[in-house]
Amino acid sequence: MTQDRAAAPGTEFAGWRIMRSDAGRFWASRERPFPSEAEQAGACRTVDGDNLRELCQAIAEQESLAEVAVLR
């Protein structure tokens, strides 16, 4: 697996480490843990996608889930 910091021009993944597998699949791992409330609500630090669009959606879903959990 290789790290891909500049996965695509204009694509921001602040706080996430992006990797591409040898098979071409994209993975991202959050550099800092979510707060415990977010993890208990199901937020995952590592997500994957077949392409950058899917990966970006997966990251957004986890960040949204974490935000809602922390606000409760």
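E63 forms a salt bridge with R30, with the closest N and O atoms 2.8 Å apart. The pair links distant parts of the chain: E63 sits in helix α2 and R30 in strand β3, 33 residues apart. A salt bridge here is a side-chain nitrogen of Lys or Arg within 4 Å of a carboxyl oxygen of Asp or Glu. Helices (H or I, at least four residues) and strands (E, at least two) are DSSP runs, numbered from the N terminus.

The model is predicted; local features need pLDDT of at least 70, side-chain atom pairs count only at pLDDT 80 or more, and totals for chains, interfaces and linings use all residues. Residues are numbered from 1 along each chain as its sequence is written, and side-chain values use heavy atoms, with hydrogens and water left out.

E63 is partly exposed, at a relative accessible area of 27%. R30 counts as buried, at 18%. Buried means under 20% relative accessible area, exposed over 50%, and partly exposed in between (1.4 Å probe, protein chains only).

The count comes to four salt bridges. Two of these involve R25. One joins R25 to D48, with the closest N and O atoms 2.7 Å apart. R25 lies in the loop between β2 (16-20) and β3, and D48 in strand β4 (residues 46-49), so this pair ties together parts that are 23 residues apart in sequence. Both residues are partly exposed: R25 has 27% relative accessibility and D48 has 29%. R25 also forms a salt bridge with D50, and here the closest N and O atoms are 1.9 Å apart. D50 lies in the loop between β4 and α2 (52-71), so its pairing with R25 ties together parts that are 25 residues apart in sequence. Through shared partners, R25, D48 and D50 join into one network.

Strand β3 (residues 26-30) includes F26. F26 is buried, with a relative accessible area of 8%. Its C-alpha atom is 5.3 Å from that of G49, although F26 and G49 are 23 residues apart in sequence.

Helix α2 was examined along its length and around its axis. At 1.5 Å a residue, its 20 residues should span 28 Å, and the end C-alpha atoms are 28 Å apart, which agrees. The expected span is 1.5 Å times one less than the number of residues. N51 caps the N-terminal end of α2, with a side-chain oxygen 3.1 Å from the backbone nitrogen of R53.

Which residues of α2 are buried? They are L52, L55, A58, I59, Q62, A66 and A69. Seen down the axis of α2, the buried residues fall within an arc of 130 degrees, so they line one face of the helix. The arc is that of the directions from the helix axis to the C-beta atoms. An α-helix has 3.6 residues a turn, so residues three or four places apart point the same way. On the other side of α2, R53, E61, E67 and L71 are exposed. The cover over the buried residues of α2 includes β2, β3, α1 (36-40) and β4, where contact means heavy atoms within 4.5 Å.

Cysteines were also considered. A search of the whole structure finds zero disulfides, a disulfide being a pair of cysteine sulfur atoms within 2.5 Å. C44 counts as partly exposed, at 37% relative accessibility. C56 likewise counts as partly exposed, at 37%.

Conventions: A polar contact is a pair of N or O atoms within 3.5 Å; within protein, one must be able to donate a hydrogen and the other to accept it, and residues adjacent in sequence count only if both atoms are side-chain atoms.
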